Number of protein chains: 2
Amino acid sequence: MKAEIITIGDEILIGQIVDTNSAWMGQQLNLLGIEIYQITSVHDDRQHILDALANAEKNADLVLITGGLGPTKDDITKTTLCEYFDTELVFHPEVLEHVRSLLSGRNVAINKLNRDQALLPAGCTVLHNSAGTASGMWFERNNTIFVSMPGVPFEMEAIMTEEVFPRLTKLGLAQSIVHKTVLTIGLPESMLAERIESWENALPEFIKLAYLPSPMMVKLRLSGYGTDEAIIRKEIEKQVQKLLTIIPEHVFGFDNDNMGIAIGRILVESSQMLATAESCTGGSIAQLITSNAGSSAYFKGGVVAYSNEIKHKLLGVPMEAIESFGAVSQQVAEAMALGAMKALETDFAVATTGIAGPDGGSEEKPVGTVWVAVAGSSGVVSKKYVFKHNRERNIIRTTHTALNMLRTFIINENTHKS
Amino acid sequence: MKAEIITIGDEILIGQIVDTNSAWMGQQLNLLGIEIYQITSVHDDRQHILDALANAEKNADLVLITGGLGPTKDDITKTTLCEYFDTELVFHPEVLEHVRSLLSGRNVAINKLNRDQALLPAGCTVLHNSAGTASGMWFERNNTIFVSMPGVPFEMEAIMTEEVFPRLTKLGLAQSIVHKTVLTIGLPESMLAERIESWENALPEFIKLAYLPSPMMVKLRLSGYGTDEAIIRKEIEKQVQKLLTIIPEHVFGFDNDNMGIAIGRILVESSQMLATAESCTGGSIAQLITSNAGSSAYFKGGVVAYSNEIKHKLLGVPMEAIESFGAVSQQVAEAMALGAMKALETDFAVATTGIAGPDGGSEEKPVGTVWVAVAGSSGVVSKKYVFKHNRERNIIRTTHTALNMLRTFIINENTHKS
């Protein structure tokens, strides 16, 4: 089966946004065994869209169209689709109801532009958009399927996942595929590859491995293909279990886990509570932890101690320590972690202090210099890092490094206690 | 002048890499006043490439081709270009010299594959690649210019910057274009469109408007085209000033600003300091503020008061208020904001308390119910919202809504003082 992607809108053509939608769709379809033949990005222009549709219909069995479905004037996809399929817009009361209920929560009254979102081409199957007000549309003609979706990434992903993929599978157009992603931290990609080389070489033919490195972690994605889903699933489980015996200390979770979830799992089991004390990460650690549902079970809260005054006043860091060693020092980091544990009455605390940049560096402490401390009932440990990135990446690296130090510390302390 | 981009290679079609090259080229060309008519991504396939070239030649004055120039077998761009332009490969000794000198620096011996990189189509102008071994190529036919470049981003960027742009300017092919993006908050796209309809309809022909909505804001992008940059710039400024009189309270910044920068600008001017008190946003507000360089000039810090105990202990929220009205209530939100102002000794504070979800909702207070409070020397204000999204979006919406309330509050208070 051959697919084409058509993206509509000026934002991509003038480089205001990077087309991550096509990459996401390409990846997903590829895994389902559907080949992307071409990706075409065109203007919000009637004739240009018509040409692209006609061109795609010649080559592809599946045409995925994104963009141009917002309520404003510059979005013309819907009327152009009507012209292409020689049909007209009809009113869908259930879509209006959905739009109304989404907007009512935002204290926004519905207007004509919103009402028009319930007008959709006759003859198409309306695809429910659980994440927004612009519906998806499914057309079929001459053995080609056309799907039109909004360009907002999470809305497109919701429609693809909840509406398009299940239909393709039901029509027998997509094979079975099973994924499992293993999340690792603490080994760069090249060293990880060396450690698991013989395991990787022994994987069966129908299971593929991909390394997905990021500033936060290296993900290992196993993908199994075939006709019998149960067999694939069982084999992937077996391989993951093998992998866990090779790098147990580096695997912190699976699939959509993050470091906060991994830490939460451990703390929930031991009924222990956590606090944060952040200077250079500025709330980023607390934000990552609380992005996970249920985090209130193990996270009491934290202090973003951006100024020295707050480090002293709320966390009890001695002013002498700040004056003698500087705010970015082992002494201050450790005092912050111990102070947070005491002020928030928790079992553990993690603290960061550093120079995120671009200003504030010195010869002795260049931009990217960071101290991380972790405290528990057994005491406090700390470590210095020098990340040589821009502000944004220095903050991300510090956040994940601190959380991994915390994770290892908790596991060690709890192991020695029991 | 109309341009098209053709990217060659499977990596983009299977989603293994995101096509950042096209975004970069789109941005740069757009700045030079060259409109990108279409972006097309095709396979490493001879006939497919020939079709894409023929199609582009029909529509465009400039065709930028990336990818397929590496030394390995699956790269067939060069021979396909020879076929398209009915020419043949000839040897360029100066290119071989360049390849040899680059590789010697990497301690790599030259082999046949590298030597073949000095074979380039007769009749093209060779474009020097200062960043790699694959040369660029410049062809002209029937008033269309074709440029072929490697797909490695920094090599493509080097050839574009050092070879292609200077040639285009010399040929007088680049007009002027001016962009200005106005950042708005507080009105959904449809209502914003209604409010500014007559302004939009009265825009001169050479200025185009685009709505770019996201969960955080709606961006309005004005793009002006023409030969005289000064005239365009002046007209765009005039239109922006008009717009500011229509929706003054909804415009918080321009171009690459964010809400934290907008608030920081106001606070730096008045030499005032800010604190945060976050429950449901869990550090997200502090994180957004501190993501901006220089934020320590106006942000002292904050408390992530996730548990009721911390709300009481660190922010002085009375336990009776929590017990009588619940943690998600007007009383608690206001006490948090006032408490943060006092504990951190700042001029302003913003507080959030709500049910981010997916659990914790009730009939009276469903998931998405949020109270936001803002405090200053003039007192405290608060407002209730009910966002009906998932956890992630509820947190994002609350963060930006709270920051906008804070911004409006600061402006009002400072206006009344002065």
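Leaving aside neighbours within four places in sequence, T398(B) is in contact with C280(B), T281(B), T352(B), V370(B), V372(B) and F387(B), where contact means heavy atoms within 4.5 Å. T398(B) sits in helix 16 (residues 391-417) of chain B; helices (H or I, at least four residues) and strands (E, at least two) are DSSP runs numbered from the N terminus. T398(B) counts as buried because its relative accessibility is 1%. Buried means under 20% relative accessible area, exposed over 50%, and partly exposed in between (1.4 Å probe, protein chains only).

This is a predicted model, in which local features need pLDDT of at least 70 and side-chain atom pairs count only at pLDDT 80 or more, while totals for chains, interfaces and linings use all residues. Residues are numbered from 1 along each chain as its sequence is written, chains are lettered from A and ligands numbered from 1 in the order in which they are written, and side-chain values use heavy atoms, without hydrogens and water.

Chain A has 16 helices and 17 strands. Its C-alpha trace spans about 80 × 55 × 40 Å along the principal axes. Of the 418 residues in chain A, 56% are buried. Among the contacts in chain A with a separation of 6 or more, 67% are between residues 24 or more positions apart. The accessible surface of chain A is about 17,400 Å², and carbon and sulfur atoms hold 52% of that surface; accessible areas come from the Shrake-Rupley method with a 1.4 Å probe, and for residues only the protein chains shown count as cover.

On chain A, L171(A) lies in the loop between helix 7 (153-170) and strand 9 (176-184). L171(A) is partly exposed because its relative accessible area is 49%.

The two chains meet in a contact that takes 82 residues from chain B and 78 residues from chain A. The area buried between them is about 5,900 Å², 53% of it from carbon and sulfur atoms; buried area is the accessible area (1.4 Å probe) that two parts lose on being put together, summed over both. In chain B, I39(B), K300(B) and Y306(B) lose the most area to chain A, together 9% of what that side buries.

K300(B) also takes part in a salt bridge with E309(A) (2.9 Å, N to O). The rule finds five salt bridges across the interface, each a side-chain nitrogen of Lys or Arg within 4 Å of a carboxyl oxygen of Asp or Glu. Strand 2 (residues 35-42) of chain B supplies eight residues, the largest share of the side of chain B that touches chain A.
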